[in-house]
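Welcome! Take a moment to look over the model below, and then we will walk through it together.

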Amino acid sequence: MNSLLGPFLAVLRRDLMLAWRGRADVLVTLAFFVVVVCLFPFGVGPETNQLRAIAPGVLWVAALLSTLLSLHRLFAQDHIDGTLEQLLLSPEPTPLWVTAKVMAHWIVTGLPLVIAAPGLALLFDVEQGALGVLTLSLALGTPILALLGAVGAALTLGLRGGGVLLALLVLPLFVPVLIFGAGAVDAHLGGTGADAHLLLLAGGLLGALALTPFACAAALRIAVE
Amino acid sequence: MTTDTLNRAERSRSLFRFAAPQVFYPIAGRLAPWFAGIAAVLTVVGLYIGFFVAPTDFQQGEVYRVIFIHVPAAWMSMLIYLVMAFWAAVGLVMNTRLSFMMSQALAPTGAMFCFVALWTGALWGKPTWGTYWVWDARLTSQLLLLFLYLGFIALTRAIEDSRRADRAGAIIALVGAINVPIIYFSVQWWNTLHQGASVSLTKAPSMATTMLSGMLIMALAAWAYTFAVAFWRVRSLILERERHTDWVGAELEAEAKRQ
């Protein structure tokens with residue numbers, strides 16, 4: 001067990017350390033999230049009832065776009081300086097350290113969004129009781145986005161126009177997460193309870209955790225071959 | 001017993017023989033015109049039944065006749081994605097180049113059928129529902145399927161190294177295939193939660209047999225068309241990939257002489 005946990009934690013610590021050294025990059029993702037969310041009232045008008053109705057969808061779409069924006073960084077730096085090849089050559093199982101990298105990426109880019117979301121929801125006059133559901137849905141959903149996006153990031157590694165291509169590849173795959181994530185808040189506000197949505201999101205997270213590291217490992221091998 | 005296993009080994013070897021691009025190239029060339037001919041004949045017959053033989057629908061009038069193009073296109077677009085994912089999986093497991101080429105040859109046809117289904121659906125929706133588009137579960141999942149096709153095509157075209165393009169495309173095709181049912185059911189659930197069954201796509205419970213036969217004939221025409229186009233496209237892919245080999249040179253020379 002320890003023989004697996006050791007490399008996992010080493011990669012996790014390394015990526016978190018690197019992210020800490022380049023804090024500005026991380027803050028850009030968060031700033032993007034905040035700015036996108038704040039743009040919507042200008043677009044649809046400051047009418048409170050309308051803002052309250054669209055708040056879950058706006059926050060979720062903004063979280064999805066911010067995730068997308070940071071995805072290409074997941075493997076790009078390691079690909080350029082050769083770390084990725086060294087990791088692939090190492091005897092440790094690839095899905096293991098891929099999971100560690102995605103987890104570090106989520107802690108750096110996803111977690112700040114989850115923490116910032118309730119505050120932003122207040123700008124849209126969302127009922128305070130729904131804030132917990134919103135946070136929980138984002139906490140369960142954004143890791144799925146990171147895991148699915150990692151496969152796309154690995155497939156488009158080092159390609160011309162990789163960023164746009166990445167968006168085209170992964171956005172259709174994000175749709176179920178968006179539906180259940182935003183739907184959880186709506187269901188809570190509608191009175192039916194968000195349990196079903198949150199359970200489905202949790203199930204999706206477990207499924208993605210079990211399957212995507214292997215797809216991602218295969219995609220990385222193809223990319224550096 | 002021994003002869004039986006020997007035969008089986010021989011047979012499987014003979015099946016694998018077709019996986020060689022060199023062997024498949026002339027076969028595809030010979031089959032494609034036949035399928036194109038079958039497709040043309042079936043389309044004419046199917047459209048004749050659809051436009052002149054099938055009775056007018058008592059609810060929708062003449063508009064419903066778009067069904068003869070709409071439904072076969074929608075069926076085909078979903079089926080082609082599965083076939084594409086199947087060939088991608090075969091390619092990854094068996095390491096056969098032709099399988100990857102086949103899945104790439106199928107993708108544009110699938111995207112085309114997907115687009116046709118959406119377009120004819122919009123044209124059908126306007127007179128019957130009063131709107132070109134509703135966020136109905138079927139329409140939405142069809143739209144997402146089109147995006148999946150476009151992603152696959154864009155990815156395989158963006159990678160220059162054909163070996164990497166093949167494998168990367170195969171992975172995204174498989175990830176998409178796993179996601180298609182998830183997308184379908186999530187979209188269905190989302191839709192029913194939001195607006196209930198305000199617009200239902202279910203048709204009259206019993207369909208006139210002429211309508212059904214016209215639709216089935218059109219579906220067969222779509223199959224034949226797909227075979228023909230995929231074969232032609234895979235031939236160009238083979239030529240492009242194998243242009244450095246001797247047999248392609250000989251083949252092209254022979255073709256030039258024939259003309």
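What share of the contacts in chain A with a separation of 6 or more comes from residues 24 or more positions apart? In this predicted model, such residues account for 80% of those contacts.

**Chain A as a whole**
- Chain A holds nine helices and zero strands, and reading along its sequence gives the pattern α-α-α-α-α-α-α-α-α.
- Its C-alpha trace spans about 55 × 35 × 30 Å along the principal axes.
- A compact globule of 225 residues would have a radius of gyration near 17 Å, and the 18 Å of chain A agrees with that.
- Of the 225 residues in chain A, 45% count as buried.

**Where a helix of chain A meets a helix of chain B**
- Two packed helices are described by the angle between their axes and the distance between the axes.
- The crossing of H8(A) past H5(B) is left-handed.

**Who makes the contact**
- From H8(A), the contact uses Leu165(A), Leu168(A), Leu169(A), Pro172(A) and Val175(A).
- From H5(B), it uses Leu144(B), Phe147(B), Leu148(B), Leu150(B), Gly151(B), Ala154(B), Leu155(B) and Ala158(B).
- Sorted by class, the contact of H8(A) with H5(B) has 12 nonpolar residues, one polar residue and no charged residues.

Terms used: Residues numbered from 1 in each chain as written. Chains lettered and ligands numbered in written order. Predicted model: local features only at pLDDT ≥ 70, side-chain atom pairs only at ≥ 80, totals over all residues. Left-handed = near helix turned anticlockwise from the far one by under 90°. Helix = DSSP H or I, 4+ residues; strand = E, 2+ residues; numbered from the N terminus. Contact = placed C-beta atoms within 7 Å. Nonpolar A, V, L, I, M, F, W, Y, C, P; charged D, E, K, R; others polar. Rg over C-alpha atoms; globule rule 2.2 N^0.38 Å. Buried ≥ 20, exposed ≤ 12 C-beta atoms within 10 Å, placed from the backbone.
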